[in-house]
Amino acid sequence: MEGYIDFELQKYRLLAYLQEVKQCFNETKLYPQLADIVFHYNNLGAFRKNKQFLQDHFPKKIDMLDMQKLEIVYEKMLADDGLMQELEHITQYALDEMKGTINEGAEIYEFVEKQLQVEPVGIIPLYKNEGYILLRYGINSEVRIYGYNITLFEHQHSRYKGIKLAYIDSREKNLANTYEQIKIDIIRSIRTLPNPAVYRVELPLSVPFNETLLPIAKRVLVKYIC
């Protein structure tokens, strides 16, 4: 919406942005691009909704009487001028184009999410808001150990749960060094939690770690634990 309000200009700006996002999706890199485009899409939707709300509730004046239908026909005092019509054209086009790109990212997200395996290691205590995850993906034998902490956020009338991860160490998983053994080593070396909740998280696919695996794993963990 910044600068010269012209459909063709904004169209090319939008398509250039979407091309960059799609390039990342083609490389199976979802974040932060997927979150960004959803944010922009919701903003555009809110703009159109608020504009329509303003028009619907703005005072109107009587334009004519329809005696056959016994109706009073009103003329909108807040009619779209040329600028608003151009903005309407731009936002509708942008919403349609962005929706398609969001769907592409969502398909990748859902595919990775379905492949992600989460299971507890040993007995899980009643308190599960803090603990550890053992993360492994692809054909790697390396297991990355993270401490996790789940927190509650309140926003107006909604409550959300978020998760923070802190990298601790990495180990090699083999026949002698199982997930259970790694858990025992964690309890012995880190004594902040005497009986911590520990989960193994595995993905049989090789995907970008920071841009895809870690963000999806965090969201899946919150749903699984809570």
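Biologist: Which residues is Thr212 in contact with, once its neighbours within four places in sequence are left aside?
Modeller: With those neighbours left aside, Thr212 is in contact with Thr28, Lys29, Leu30, Val112 and Val207, where contact means heavy atoms within 4.5 Å. Before we go on, residues are numbered from 1 along each chain as its sequence is written, and side-chain values use heavy atoms, with hydrogens and water left out. This is a predicted model, in which local features need pLDDT of at least 70 and side-chain atom pairs count only at pLDDT 80 or more, whereas totals for chains, interfaces and linings use all residues.

Biologist: Where is Thr212 placed, and is it buried or exposed?
Modeller: Thr212 is in helix α5, residues 209–225; helices (H or I, at least four residues) and strands (E, at least two) are DSSP runs, numbered from the N terminus. Thr212 counts as buried because its relative accessibility is 0%, with buried meaning under 20% relative accessible area, exposed over 50% and partly exposed in between, for a 1.4 Å probe and protein chains only.

Biologist: And which backbone atom lies 2.4 Å from a polar atom of the Thr212 side chain?
Modeller: That is the backbone oxygen of Thr28. A polar contact here is a pair of N or O atoms within 3.5 Å; within protein, one must be able to donate a hydrogen and the other to accept it, and residues adjacent in sequence count only if both atoms are side-chain atoms.

Biologist: Since you mention α1, how far apart are its end C-alpha atoms?
Modeller: They are 28 Å apart, which agrees with the 28 Å that the 20 residues of α1 (residues 7–26) should span at 1.5 Å a residue; the expected span is 1.5 Å times one less than the number of residues.

Biologist: Which residues of α1 are buried?
Modeller: Phe7, Gln10, Leu14, Leu18, Val21, Cys24 and Phe25 are buried in α1. They cover an arc of only 115° around the axis, which puts them on the same side of α1, the arc being that of the directions from the helix axis to the C-beta atoms. On the other side of α1, Tyr12, Gln19, Glu20 and Asn26 are exposed.

Biologist: Changing topic to the rings, how many aromatic pairs are there?
Modeller: The count comes to 4 aromatic pairs, by a rule under which rings of Phe, Tyr and Trp (its six-membered ring) pair if their centres lie within 6.5 Å, with planes under 30 degrees apart counted as stacked, over 60 as edge-to-face and the rest as tilted. For Tyr146 and Tyr167, the ring centres are 5.5 Å apart and the planes are at 70°, so the pair is edge-to-face. This pair links distant parts of the chain, with Tyr146 in strand β5 (residues 142–155) and Tyr167 in strand β6 (residues 158–172), 21 residues apart. Tyr146 is buried, with a relative accessible area of 7%, whereas Tyr167 counts as partly exposed at 47%.

Biologist: What about Tyr199 and Tyr224?
Modeller: Tyr199 and Tyr224 also form an edge-to-face pair, at 5.8 Å centre to centre with 85° between the planes. Here too distant parts of the chain are linked, as Tyr199 is in strand β7 (residues 197–203) and Tyr224 in helix α5, 25 residues apart. Tyr199 is buried at 3% relative accessibility, while Tyr224 is partly exposed with a relative accessible area of 40%. Together with Tyr148, Tyr199 and Tyr224 form one aromatic cluster.

Biologist: Next, which loop holds Asn174, and what does its side chain lie beside?
Modeller: Asn174 lies in the loop between β6 and α4 and counts as partly exposed because its relative accessibility is 39%. A polar atom of the Asn174 side chain lies 3.0 Å from the backbone nitrogen of Ala176, and the backbone nitrogen of Asn177 lies 2.6 Å from a polar atom of that side chain. The C-alpha atoms of Asn174 and Ser141 are separated by 7.3 Å, although these residues are 33 apart along the chain.

Biologist: Last one: how many helices and strands are there overall?
Modeller: There are 5 helices and 7 strands, and read along the sequence they follow the pattern α-α-β-β-α-β-β-β-β-α-β-α. Of the 226 residues in the protein, 32% are buried.
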